[in-house]
Structures are given as structure tokens and as C-alpha cells.
Amino acid sequence: MKTNLKFRRVAAIGAGMTPFRRRMLETPQELAWEASRKALDEAGLELRDIDCVVIGSAPDAFDGVHMKGEYLAHGAGGVMKPASRVYVGGATGVMTAISGWYHVASGMCKKVLAVAEEKMSPGRPHPQAVFRYIWDPITEKPLNPNLIWIFAMEMHRYMFVNKISKEEIALVSVKNKRNAANNPYAQLGGEITVDDVLRSEVLVWPVQLLDVSPVSDGAAAMVFVDGDIARRYTDTPIWVEGVGWTLDNTSWPNRELAYPRYLENAARMAYRMAGIERPQREIDVVEPYDPFDYKELHHLEGLMLARKGEAPLLLKEGFFDRDGDIPSSPSGGLLGVGNPIAAAGLMKVISIYWQLKGTAGKMQVKRPVHTGVAQAWGDLMQASTVIVMRN
Amino acid sequence: MVHPLKEEELKEHFTVTYRPQAKYSYTAGQALSTFLRGLREGKILGRKCPRCGRVYVPPRLYCEDCFYPTSQWVEVKDEGIVMTAVASFISWTRDRLEEPEIVGTIRLFPSSPRDYVYPGLFHRICCSYDDVKSMRIMGKTVRARWKPVEKREGSIEDIECFEVV
């Protein structure tokens, strides 16, 4: 039950994205333009109608260009407009949508274009090396960590505390790659088995190659408008009903990794705004962030859609399948569609938007859906962003 | 799913061979400098918040919850519990390693299993790949194996690794 709204209602009326691929032949600006143009076309707007532009992009080092917000500005339609860039690591994609939301909700802008782009492939020898500069230079960097280490540590802790096996976690990878087969934008859709995952190359035990999302390039964009004018452009606006985000500290060796408390805080903030009291009953479809397969389970628990340690059980029962009670990652998620960091997060929001609008095509889930949640996560296991939308 | 590039074409590329001299001399800071001097003496030092009692290892000058200065140096034990451990077969540049590197996080004593935040370190753990794979190492009590005094230089590397007691 919502009372006393202190902000303007916000609707999403258009979305567009490029295919996600290992190496796109376009520049980051061209990718951003393609996604933005598609979003404007779907919304039935022209660039001159847009008041403000929000750009989301993760570390500059991936594309290999500094000041990426400024660099992307003309491809994202931000020239001579109030444009800003948001960045919260992997959580940037959903934060881009949230930022688009508060530009409109505050009453400052009527129509906002939110664009997220990432090109992971340029870094040599491997984009992994770019992560060297995210660690504490005194206490962590001397040990030469790479990013997969900390994911593996969190995954192992999650498995240890909740007594979860590798087989149960591999089911996420199987489900998401299967879902991605129906997604025209996907990089890695297909039928794989639990055995394929368990036999793939061991990167950092317990993480194996098929537990991880790929290196990808891509862009995504959405149009958010003031609720009062949304119906001028569409009969089926999708309402942004709740947003939440939280940042924990960078001291990941100093806290319990088995449960993401920062995500629970973010989810509670978004649910309270959307008037959701019993998440598992009231949410119809969810896109949790899944750069690694265990992360989807971890996040489903943080979103309070499963009790602590019980997400694998529900997954095995088919609760989160495309024809299940709460379809999870019907798009195929990052594991299936690809992981151009910021664009992947906004892709999650777009997936929910298309599901609620009923235009998801072959990705459309079986049951009727009215409330959807998209979530992203990032930095040193510390950031989470949540958005709740309704039709 | 058609992609104009083939796998081998991904490996052929023009590279800009310029190597920027992006070297940094980081500041260890007020709190970490004392911590590093402590390591040289074989001690793990932390800072305690006088308001909430939280002990920070690695130390901080301020408490992130209370937002007041931590005021007291405390020495924690060089002994703790392995919270998580992993075996890495890839280097930081994602090259393949033949021998896995084993690292993890350690919750240092004094602390309790009920703590959500605790004094702790990220470090190497001296154990076998099998210990990690079977999860035998998880929850084990470990102690720091220090470098010989003359080789210590005031760095996190003054601890060689943590090994099972």
C-alpha cells in the first residue's frame, strides 16, 4: 500500500539493444548509437524530444578510453543536453535505469534517455588484467589477485555454509543458456548439461569455465518519461514502482560472504517503495544478476525470493524455470546473453520491461506477469541495485 | 548468432605498442603504516573503535559505522579460522598456472563465529589442492607462517602464508 508519493510517477516506454558478441566491429560510440536509436524508435520519439541523458559505463579501462561518459556522449544523444554518467561497478546497468528514474521522478526532466555501453574485448592480453587496479594497493595487490579469485571465494563460502554442491549450482548455467537460445541478442545460448559444466576447464576452484559469463561487447538503452505524458506515446507504459541501491564497504576479507546483506537492504528499499510485503507471492518474474552461476542463487536469496540456502532446492524443483512459479533470468541472463558489464545490467531491466509489456517474443514466460524485478551487483562484493516494475 | 569474425581472426590484431609509464607510489596511510611496521615485528595490529568496540584489521583511522576516530591500537592473534579458500589455476593476466595458487580469507582471533564483520586478512594458505576441493580446509584453525626476521620488509608479504595448526 503506497501513500503520499513525494515524487512524480515514471514510465518506461521504449528500449533497444545491440546483439552481445565477443568482439563487435563497431566502436563503443556506434554501439551506443545503435541501441539509443532503437530505444527512441520503440518509444516513437526523436532525439529533440529528449530532455536529459544518462550514460552508464563500468571501468574506462575496458574500452581503453578515459572519460567514457564524455566519449560516449554523442553516440548516446547527450550533446548539448544535461548528460551525466553513473558508475557503481557491475551494478552500473540497473543504476543507469535508476538514475533515469530519478531524473524524471524529481520533476527535473520529462523524457530521459538512459544508455549503457561496454566493450570488454579490446583489452590485451585479456580484460582480466584490467581488474588489477581495483584492489587495495597495500594489503591485497602484492598477492596478485584476479577477479575470479574473489568470486570463487564467495562461491566456496556460500557452498560451505549452506552445504550446496557444484551440481546444484551448475543447473543455473544449464537453465540460463537454455533460456538464451530464445533470445535473438544472445551470445551463448544453447543446450548444455550439468556434466558439461563440471568437465569444463577449472579456472579457480570451485569456478569452472562454464560457471562464468563470457567476455562481451554490447550496448542497451531505455526511454523513461513522466507518468503524466506516458500515454501520449504508448497504450502500455511500464511503470517503475520501486528502486533501491546500497553500497557495502570494500573490506570483503572482513565480512561474511555467504549472504549479501547489502542486497537485502537494497531490495527492502525497493519493495517498500513498491508496496511489496511478501516478495515471493507478489513478484511474477525476476532478472537477478548472474555473472557467475552461483550468483543467481545468492541474489535470489538476497532478494528474499528464497530463504537463505534454499534457492538451489527451489531451482531443482523448477520454481525458477521459464514455465515455473517465478521465472528467473528468462532472457538467459549474463551467462547466456553475454556480459558487457553496464549494458548487461540494463539488458536485465529491458528483459523485465519486455516481459511486462508482453513483447518478449519467444522469451515470453508462460504465466501472466504483472510485477517484475531486475537486479545488478558489483564492485568488491559490495554494491547492489534493484528496480521493481509493473504493467 | 552469425559473427563476422572467426576465432583465429580474434588473435590477429594491430596493437599499439606504446607502454605508458603509469607507475604509482601509493600512500600506505596513517593506519596502514603502523600496521606494516607491526608486521615487520611479527605482530598483527588493529584499531578498535571506542564507541562500538569493532576491531579493524587491516586497521582504519575511523570507524565506518560510528564515523568517529578509532582510538586504540590492539594486537590480534596471528591465528584464525579459514572462512573460505580457493585454488587458482590462472594468473592475474589469465595465463594458465600448472601448480594452483591457494588463497583465502582468515577470520583472526579474538572474534566469534557469530560476527558478520570481523578482523581478517586475505592471504595465501599453505595446503594442498585436495584440501580445498574437499573443503577440509574450511573452518580449520590456521596460524601465520612468518618470514625470518631479517627478510621482513614491512609488507603484507612478511607473512609467507597461513598454515594449519
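This is a predicted model: local features need pLDDT of at least 70, side-chain atom pairs count only at pLDDT 80 or more; totals for chains, interfaces and linings use all residues.

Modeller: Happy to! In chain A, buried residues make up 62% of the 391 residues.

Biologist: What does the radius of gyration say about how compact chain A is?

Modeller: Chain A has 13 helices and 11 strands. For 391 residues the globule rule gives 21 Å, and the value for chain A is close to that, so the chain is as compact as a globular protein of that length. The radius of gyration itself is 19 Å.

Biologist: What share of the contacts in chain A with a separation of 6 or more joins residues 24 or more positions apart?

Modeller: Here we take the contacts in chain A with a separation of 6 or more, and ask which of them link residues 24 or more positions apart. Those account for 78%.

Biologist: Which strands are at the edges of the nine-strand sheet in chain A?

Modeller: The sheet is open, with mixed pairing, and its order is β3-β2-β4-β7-β1-β8-β11-β10-β9 (chain A). An edge strand pairs on one side only. In chain A that describes β3 (83-86) and β9 (285-287).

Biologist: By how much are neighbouring strands of this sheet turned against each other?

Modeller: Direction is ignored here, and the value is an average over neighbouring strands of this sheet. It comes to 25°.

Biologist: Which residue is the bridge partner of V10(A) in β8(A)?

Modeller: Strand β1 (residues 10-17) and strand β8 (residues 238-247) of chain A run antiparallel and are joined by three bridges. For V10(A), the partner in β8(A) is V240(A).

Biologist: Which helix packs on the sheet and touches β1, β4 and β7 of chain A?

Modeller: Its direction makes about 130° with that of β1(A). The strands that it touches also include β4 (111-119) and β7 (217-226) of chain A. The helix is α1 (residues 28-43) of chain A.

Biologist: Which element gives the most residues to the side of chain B that touches chain A?

Modeller: Between the two chains, 40 residues of chain B are in contact with 36 residues of chain A. The elements of chain B that give two or more residues are β4 (79-90), β5 (96-108), β6 (120-126) and α3 (129-133). With eight residues, the top contributor is β4(B).

Biologist: Which residue in β4(B) does W205(A) stand opposite?

Modeller: Two bridges join strand β5 (residues 202-205) of chain A to β4(B), and the two strands run antiparallel. Opposite W205(A) stands A87(B).

Technical notes:
Residues are numbered from 1 along each chain as its sequence is written. Chains are lettered from A and ligands numbered from 1 in the order in which they are written. Helices (H or I, at least four residues) and strands (E, at least two) are DSSP runs, numbered from the N terminus. The radius of gyration is taken over C-alpha atoms; the globule rule is 2.2 Å times the number of residues to the power 0.38. A residue is buried if 20 or more other C-beta atoms lie within 10 Å of its own, exposed if 12 or fewer, and partly exposed in between; C-beta atoms are placed from the backbone. Two residues are in contact if their C-beta atoms, placed from the backbone, lie within 7 Å. Two strands pair if DSSP finds at least two bridges between them. Axes are lines fitted to C-alpha atoms, for helices over the stretch in contact, and angles run from 0 to 180 degrees between N-to-C directions.
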